[in-house]
Amino acid sequence: MPVDFSPYIPLASTAISVLAAAAVAWYTVQRSFRTELSKLQLGVQQNLLEQLVASRLRVYPILYAVASDIIKAVSDGSVTKIMMVDMFKKVQEWDSQNALLLGADTTNVCFTFRQSLREYVDYISENGLVMTNELQAHVNRLFNISQKLELGLRSDIGIYGIGLAENISSLNIPNIDNY
């Protein structure tokens, strides 16, 4: 005698419908969870970035002003040994208190700036301010690195665009290396 499966057909179709609905619900919940988690992570990152930029805006102008003063003093020839020693102390103090806020590239530029400034101060302390080829080389190096530091500080606070996103090539932000 043949087995009659006709009473089970509605049950099987109902079971298949329930499984399909459960799979769709599970997928929807997973997708929604991932979306909400991404939103939460983005919100936290945005909050941290806002705090970082606010902190940078409080302290960057101090270092920017010193670098700018050095460029102006070197350019117009009003450099004195005392002034340069004072500026070096200001830069060292600023670095000790605020270097944590520097971006990756600006950290390297600031380190090179401090080295160049130290070498310049050491040179004029030993040899005076009589212009020689060696002093001119120190002046040129200090001038160039001061410009790069100014540009790095500006870039860190977003004046030349925000460089914190993973893929910013589509933004077409110009890369400014000098004045």
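Q: What should I know about the model and its numbering?
A: The model is predicted: local features need pLDDT of at least 70, side-chain atom pairs count only at pLDDT 80 or more, and totals for chains, interfaces and linings use all residues. Residues are numbered from 1 along each chain as its sequence is written, and side-chain values use heavy atoms, with hydrogens and water left out.

Q: How many helices and strands does the protein have?
A: Helices (H or I, at least four residues) and strands (E, at least two) are DSSP runs, numbered from the N terminus. Here there are 4 helices and 0 strands. Along the sequence the pattern reads α-α-α-α.

Q: How do I read the angle between H1 and H2?
A: Begin with the axes. They are lines fitted to C-alpha atoms, for helices over the stretch in contact, and angles run from 0 to 180 degrees between N-to-C directions. Angles under 35 degrees count as roughly parallel, over 145 as roughly antiparallel, 65 to 115 as roughly perpendicular and the rest as oblique. In this model the axes of H1 and H2 come within 10 Å and cross at roughly 155°. H1 and H2 are therefore roughly antiparallel.

Q: At what angle do H2 and H3 pack? And H3 and H4?
A: H2 and H3 pack at about 155°, their axes 10 Å apart. That makes H2 roughly antiparallel to H3. For H3 and H4 the angle is about 155° and the axes are 9 Å apart. H3 and H4 are therefore roughly antiparallel to each other.

Q: Is the crossing of H1 and H2 left-handed or right-handed?
A: A crossing is left-handed if the near helix is turned anticlockwise from the far one by less than a right angle, and right-handed if clockwise. H1 and H2 cross in the left-handed sense. H2 passes H3 in a left-handed crossing. The crossing of H3 and H4 is left-handed too.

Q: What percentage of the residues count as buried?
A: Buried means under 20% relative accessible area, exposed over 50%, and partly exposed in between (1.4 Å probe, protein chains only). Of the 179 residues of the protein, 27% count as buried.

Q: How many salt bridges are there?
A: A salt bridge is a side-chain nitrogen of Lys or Arg within 4 Å of a carboxyl oxygen of Asp or Glu. By this rule the count is 4. Let us take some of them in turn.

Q: Which residue does Lys39 pair with?
A: Lys39 forms a salt bridge with Glu36, and their closest N and O atoms are 3.5 Å apart. The two sit 3 residues apart in helix H1 (residues 9-76), so about one helical turn separates them. Lys39 is exposed, at 51% relative accessible area. Glu36 is partly exposed, at 45%.

Q: Which residue does Arg114 pair with?
A: Arg114 forms a salt bridge with Asp95, the closest N and O atoms being 3.5 Å apart. This pair links distant parts of the chain: Arg114 is in helix H3 (residues 104-127), Asp95 is in helix H2 (residues 81-98), and they are 19 residues apart. Are they buried or exposed? Both Arg114 and Asp95 are buried.

Q: Where do the side chains of Glu119 and Arg141 lie?
A: These side chains meet in a salt bridge, 3.8 Å from N to O. Glu119 is in helix H3 and Arg141 in helix H4 (residues 133-156), so this pair, too, links distant parts of the chain, 22 residues apart. Glu119 is partly exposed, with a relative accessible area of 37%. Arg141 is partly exposed at 38%.

Q: Which residues form a nonpolar patch on the surface?
A: Patches are made of residues with over 30% relative accessible area and no salt bridge: like charges are joined within 9 Å, nonpolar side chains (Val, Leu, Ile, Met, Phe, Trp, Tyr) within 5 Å. Accessible areas come from the Shrake-Rupley method with a 1.4 Å probe; for residues, only the protein chains shown count as cover. Here Phe33, Leu37, Leu40, Val44 and Leu48 form the patch, with about 500 Å² of accessible area together. Phe33 lies in helix H1. Phe33 is exposed, at 54% relative accessible area.
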